[in-house]
Amino acid sequence: MDCTSLSWSAALHLLSPATHMQMLEPLMRLMGKQVLHICWSTWPSKCLHFAGSPRIGTKDYAKEAPILGALDEVFYGMKEAEASGRVALAQKLNDQMQKLEEQAAAFSIPNEFGATLSQAGAAGLNATTSHDATRYFMAMPANKLELWFALEAERFRAPVFRELYSEKRVVFEERRMRVDDSPMGKFQESFAAQAMTNNYRRPVIGYPADLALLGRREVQSFFNEHYGPQRLSIAVVGDVHVDVVQKLAEKYFGGWQSMSSLPQAGSPSDTEPLPRPEGGSRHFEQGSKAGPLLMQAYYRPSMTSKDAVLLDIICDLLSGSRTSRLYTQLVETGQAYHANAVPSYPGEKHPNALVLFGQPSSGVSLQTLDKAFQKETQGLIHRGPSAKEMARIKKATKLTLVDGIRSNTNMASALCSYHVNAGSWKKLLSDLEQVDQLTAADVQAVAAATFHEDNLYTGYMLKEDPVTGKRSSTV
């Protein structure tokens, strides 16, 4: 296997003595000694978070494995019984499953992966999952880098999803808090399902029916299909030598062969179609006790597009500060309690949506706020940003990009994110260069290509009376 497929080139190029990134050198010299910050990213999945292996996370895998196998058989038997309406059998199998979980737990060492790293001095070990990737990050002593490589290589090459069924209960609870019991959760989930035609239409956490049917066979099959060296990107920043990192990567990951044919990580396509529904209504309404709320989704290309930086700048012009257009024209004038713009929703690696959202003030309808939003976007097209706005926004954008690499942690995260979502960490630099060259006419052109009726999907979260069920577009 060509070890460069692991995409740790992000770190290796950055830290190479021959690097051409002169602007980053002063920051690099300020980095702390003897400490590494690592960020690694792979295919999105909540089930792999700190999973163990036949050697990590178990007291005796030879005794544990048969119990895990029996647990799977009972789970799938229970699901078959539930599907066929055999309630008594399903309950009996559920009771049996609980007993097997207790037996399996006796052999399990929860989070031994994280505990081993923490004992070696690692700090801040955590993971997040988005639509685009699962990201892990931590800081650790530089002389413990090989320990991390050894543990992580084993975890990816031979994972054991030993606590899947108990973890599912945690995920169900997380979904309940974030979606089912959240004032905006259900609306946002339904809006994405209606407005997006690519995989961004599905929630990261999944639907309840999917979670209920998910067993270890499905998780293992998903892992075999989607996980491989091509899908793993690693950034190492800090007191590190490039040749040492590369040798360790080759030693521990060099023999990893994926079980299916996968494209290289960090190779998003800039030719993917926009996730825009064809035909039918592009308006969605749903009632909620938390309403009213307005969402406008304007379809846009991925962050690999040459217009990506401009779309970020457009959002900053609209809502990036108290001098932004939505704030001064809608919030300060009393038309909205809040009004904001999000450049990429719900992800950025693939074509997505630039979203404007706001809550109308008391007595202001969603229809009125909708028109006010469109007035501001059209104003950006026809009048463009002023010289003062361009100067402010260029400075703010560059500060945001540079602030993202001021520390080991931020730099590792930025390198990994750019490498995975944009195809190369170098886009971080090209974005900085592009900001200096932008003109007001550039902003107007991209605004005109984005803010038009044929590219818009609108969502109204209506105020719903919990007693009568009556809906209203005003407070």
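Two strands count as paired if DSSP finds at least two bridges between them. Strands (E, at least two residues) and helices (H or I, at least four) are DSSP runs, numbered from the N terminus. The model is predicted: local features need pLDDT of at least 70, side-chain atom pairs count only at pLDDT 80 or more, and totals for chains, interfaces and linings use all residues. Residues are numbered from 1 along each chain as its sequence is written, and side-chain values use heavy atoms, with hydrogens and water left out.

Strand β9 spans residues 456-464.

Strand β5 (residues 283-288) runs parallel to β9, joined by six bridges. Here His283 has Thr458 of β9 as its bridge partner. Strand β6 (residues 293-300) also pairs with β9 over six bridges, but in the antiparallel sense. Leu293 stands opposite Met461 of β9. Strand β10 (residues 471-472) is antiparallel to β9, with two bridges. Glu464 faces Arg471 of β10. Six residues lie between the strands of the β9 and β10 hairpin, where Gly469 takes a positive phi near 80 degrees.

A helix pair was also examined. Helices α12 (residues 308-319) and α18 (residues 440-450) pack at about 90 degrees, with axes 10 Å apart. They are therefore roughly perpendicular (65 to 115 degrees). Contact means heavy atoms within 4.5 Å. On the α12 side, Leu310, Leu311, Ile313, Ile314 and Leu317 take part; they meet Asp442, Val443, Val446, Ala447 and Thr450 of α18.

Key:
Axes are lines fitted to C-alpha atoms, for helices over the stretch in contact, and angles run from 0 to 180 degrees between N-to-C directions. Angles under 35 degrees count as roughly parallel, over 145 as roughly antiparallel, 65 to 115 as roughly perpendicular and the rest as oblique. Buried means under 20% relative accessible area, exposed over 50%, partly exposed in between (1.4 Å probe, protein chains only).
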